[in-house]
Each structure stands twice: as C-alpha cells, then as structure tokens.
Amino acid sequence: MTGNHQGLALVLFTVFVSVTLAITAWAGRRRSSSVEFFAGGRLFSPLENGFAIAGDYLSAATFLGISGLIALFGYDGMLYSVGFLVAWLVVLFLVAELVRNCGRYTLADVLSARMKQRPVRIAAGSASVVVSVLYLVAQMVGAGSLVALLLGGQGSAARTWTVVGVGALMVFYVTFGGMRATTWIQIVKAVLLMGGTLALTVLVLIRFHGDLGGLLRAAADGSGHGRAYLAPGLKYGGDWTSRLDFMSLGLALVLGTAGLPHILSRFYTVPTARSARRSVVWAIGLIGSCYLMIIVLGVAAAAVVGSDAVRTSNAAGNTAVPLLALDLGGGAGSTGGTVLFAVVGAIAFATILAVVAGITLASSASVAHDLYATLRRPRPGTARREHEDVRVARLAAVGIGGVAIGLSLFAQGQNVAFLVGLAFAVAASANLPVLLFTLFWRRFTTRGAVWSVYGGLVPAVALVVLSPVVSGSADSLFPGVDFAFFPLQNPGLVSIPLGFLAGWAGTMLSREPADADAYAEVEVRALTGAGAA
C-alpha cells in the first residue's frame, strides 16, 4: 500500500485511540469498588447494553474473518454468520435473565449458588480463562493481518509490534477504566462498525445497481469456482471428514455463545433481569443486521476484488473487506480508495481493541473473583477486602494479555473466524453444560458440576492440540511436525456431548445427594429475581 494509505489510516486510528483513552481516563476517576470495576455499577440501560453486547460480539471474526471466508468459499462461508446469529436464541430463551438473577460478576457465581464454592469456582474460573485466551488469540491474529496489509505485507516485525501494541492498549483499558470504560468503548465501536458496514454495503449496491442476482453471478465468476461458489460443499463437502467438521463447527457456533465469559458478564451491567432480556433483543437486531451486510460484503469481495486476489493478500482471507473498500473508493492510488481503505482499517482496529478489552476484563474477573479469592487462605481474623479483588484483576489483565500475545504470534496464518470457532467449541464444551444443569436439573451435584467443566474442557483442548490445526498440514501452527491423531479441525462434535455426559456421570456417581433447598432457592431467584444482586 502507498504512504497515503498508511498515513491516513494511522491518523484515523490515532484519533480513535485518543477518544478511547479519554473515555478510560474519565471512567478511571470513579471509585474502584468491585461492582463498579466488574459491572459498571449496574447502571447501563438496555439500549446502551444492547449496543455494548453487539460491540463485544461483533469481533474481528465478523468484520475480517467471516467476510474473508465468504469471499473464498461462498455458501460455506455464509454458514458462519448463520451459526453466530442463531446462537443468540439460546442466550435469549435459556440464559440471559436467569444468569442475571443468579450471579454477581462471573459464571462461577451462578454455579456456587447451589454447589460447594471452592471446587466449582476453581473449575469454572479455569475454563473461563482458557476460553478467553483462545478468543484473544483470534483478535490478535486479526490485528496482525491488518498491519500486514497496511504495510504491504512487509516483515513479521511489524506484525509482532502491532500485536504487542494492541495487547498493551487492552491492558490499559481494563486496568484503569474497568467495565464502565470498556462498555463505552464497545458502544462507540459498535456505532462505528455498523456505520462503516452500512456505507460499504450501500456502495456495493450502487456498484451493481441494486441487482443482487448480478452481484451473485459476478461473485461466482470472480471466485474461480463458477456456480459451485453458490452451492454447499466448496469447503466442507469434499468427504465425510469435512462434513463432520462442518457439523462440529455448527454445533460449536450455536451453543458456544451462551458459554462465553465476556458475553455472560455483560448481563451483570444492567439493574434487572428484564433489562438483561431487553438488552439481548437490541443486540440480536444489531448483530443480525450486521451479519446480513457482512454477507453482502463477502460476496462483493469475490465479485469485485476476486478470490485469488484476496487469497494472495492473505491466505486465510482476513483482508477481503479492506481490499473491497480500496476498490470501491476508486482503486489503489485514488483519493477515494485511500480514504475508504483507511477508514475501514481504522474501524477494524477499533473492533479489535473494543473486543479484546471486554474479553480481558471478563477473564481477569474470573482470576480475581473466582481463582484468587478461592485459593487464597486469609489469615485468621482478617477479611478479604473489596479493593483486593480489583487489584488482583488488574494484575491478571497484564498476565492474560501477555499469554495471548505470545500465543497469537504462532497463529498469524489462520483465519480469524476459524480461530473464534475453536473458542466457541471450548466454551460450549466446558461452560454451557454445567450452566444448564445448574439452572434446570434438580439432582445436579457438586461432583457433577466439576466433572462437567473438566469433562468438556480437557477433551476440547486436547482434541484441538491433536488436530490438523496444530500439526500435520501446510496451514498448521507447526507444519513441520505431525501429531494430528484427531481428524476434525473443530472438536465440538465430540467434546460438547462429553461435557454433558461427564456432568450426568458425576452426578449419578456422587455419594452426596443434591441440596434440594439450595436448588429451590436458586429456582425462585432465577425466575423471580428475589434476592438478586
């Protein structure tokens, strides 16, 4: 890319970062109580929280990853957007209100309402950190892909320093601003993303004179696959392994959202369960409209830029939308192309920064509120003070950010949406079964809860390590070695049922019966809100 692209994108990105730093400074002036730091004082309206949820959920996987997969694989790439959206029906009908009523800050609060605190908090806290780190890695990969495009693909040093810079910013947002700053950053980012996506969609429709049929025909021609581009099977229909992989991915996407720690934590930022439900309704409308536009942009990238050009720029397809913006603005070297490319690049960076801030806050809350508070044994006669949780969460943000940065440097060649799919699989395997059992199964016990978390978490992570994602192929993290004993790229088809099965087995084999009184109390609180924080 030319110096004009680089300079203008840098200016716009600097403006956004300056605004977010100002928001963080404003939010940081408030007293750092636990409820303020972890839940923003529970003062956000349903509309504000709906925009924040959309800002938290519409990540680099949406803007960069899904559009790239559609540009490369057509119909099969669209299935990502369908899975991500349908998942919100599970959240709306089974999770949002009940979680808000039963918990305070994290998933472990819901579980410990009727189980023994120590084992379930350690298990749920550990699973939340693992899911969050996997999700963070995907966002960092998106940041690396963007800077590579901006700098013309020159050198890995620029990618490395970009990833480090994004990590440093997310740690700053969380450490000094907490949930209040993170929420407003996500709201600003959601507005920018929706506005930018809408503008590009309008330009695409103008280019094709509103003829969607003509757009699809041009995409089929530009993809190099002809009509096969518009039919199922281009990515997942080659053999039974790829078909099973698609089923595994679909299961992970539909069930994973309800187990994502940073999504669950958003329900605690509103005052009531009714507000949580209304937040989800707002979020579904925003997210659904954005996915419809992303489908148009992905197809348009194949039609206007061409799948081969997208693949040449980034083998995983992560740069499809920025390349489309460059062409819609007039092409390389034109003023319109320079401006539009820079705007899209800045929005993509804003998307990454807002999402990583929310994920980091949720994972640091799990470390402080669940792991540290449980493992630390206070001296006799002393009580754990509220500000201690906040201090530990700030330190945890630094450590989690460092781990995510390190891991993301190994995954720079992967598609962002694909990496997020792995995080969804782990969340659906480790967090969703125990959450549903706790809320709806009267006989569920502490042993069942612990077995459910580890019975989903360990197989999911192990199967990812033993899959072609890590070794055994040219696109693997470690292409030079081969220990890919598990044939599927996404483990959800195996690990999600194992999470449910382990929870059932642990309960059936438990010597200690379920606490009927505790379940009755949780049921009343979940359905009525009586006694909710």
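Let's start at Ser 33, which sits in the loop between helix H1 (3–28) and helix H2 (34–39); helices here are DSSP runs of H or I with at least four residues, strands are E runs of at least two, and both are numbered from the N terminus. Ser 33 counts as buried, at 7% relative accessibility, where buried means under 20% relative accessible area, exposed over 50%, and partly exposed in between, with a 1.4 Å probe and protein chains only. In sequence Ser 33 is 357 residues from Val 390, but in space the two are 7.3 Å apart, C-alpha to C-alpha.

A quick word on the ground rules. This is a predicted model, in which local features need pLDDT of at least 70 and side-chain atom pairs count only at pLDDT 80 or more, while totals for chains, interfaces and linings use all residues. Residues are numbered from 1 along each chain as its sequence is written, and side-chain values use heavy atoms, with hydrogens and water left out.

Move on to the loop between H2 and H3, and you come to Arg 42. Most residues other than glycine have a negative phi. Arg 42 has a positive one, near 55°, and at 11% relative accessibility this residue counts as buried. His 209 also has a positive phi, about 55°, without being a glycine. You'll find His 209 in the loop between H8 and helix H9 (212–223), and with 74% relative accessibility it counts as exposed. While we're around H8 (residues 156–207), Gly 165 is found in that helix. Gly 165 counts as partly exposed, at 30% relative accessibility, and its C-alpha atom is separated by 18 Å from that of Ala 22, 143 residues apart along the chain.

Now for some helix packing. How do helix H4 and helix H5 pack? H4 (residues 60–73) and H5 (residues 75–102) meet at an angle of about 150°, with axes 6 Å apart; the axes are lines fitted to C-alpha atoms, for helices over the stretch in contact, and angles run from 0 to 180 degrees between N-to-C directions. The two helices are therefore roughly antiparallel to each other, a label for angles over 145 degrees, with under 35 counting as roughly parallel, 65 to 115 as roughly perpendicular and the rest as oblique. On the H4 side, Ile 66, Leu 69, Ile 70 and Phe 73 meet Tyr 75, Asp 76, Gly 77, Met 78, Tyr 80, Ser 81 and Phe 84 in H5, contact meaning heavy atoms within 4.5 Å. The residues of this contact divide into eight nonpolar, two polar and one charged.

Rings of Phe, Tyr and Trp (its six-membered ring) pair if their centres lie within 6.5 Å, with planes under 30 degrees apart counting as stacked, over 60 as edge-to-face and the rest as tilted. Tyr 57 and Trp 88 make an edge-to-face pair, 5.0 Å centre to centre with 80° between the planes. Tyr 57 lies in helix H3 (residues 46–57) and Trp 88 in helix H5, so the pair ties together parts that are 31 residues apart in sequence. Tyr 57 is buried at 2% relative accessible area, and Trp 88 is buried at 0%. Both belong to one aromatic cluster, together with Tyr 80, Phe 84, Tyr 135, Tyr 291 and Phe 424.

Last stop: Val 110, in helix H6 (residues 107–112). Val 110 is buried at 0% relative accessibility. Not counting residues up to four places away in sequence, Val 110 touches Val 99, Cys 102, Gly 103, Tyr 268, Leu 435, Thr 438 and Leu 439. Leu 435, Thr 438 and Leu 439 are among the buried residues of H18, a helix (residues 432–440) that is mostly covered, with eight of its nine residues buried.

Terms used
Ala, Val, Leu, Ile, Met, Phe, Trp, Tyr, Cys and Pro count as nonpolar, Asp, Glu, Lys and Arg as charged, and the others, Gly among them, as polar.
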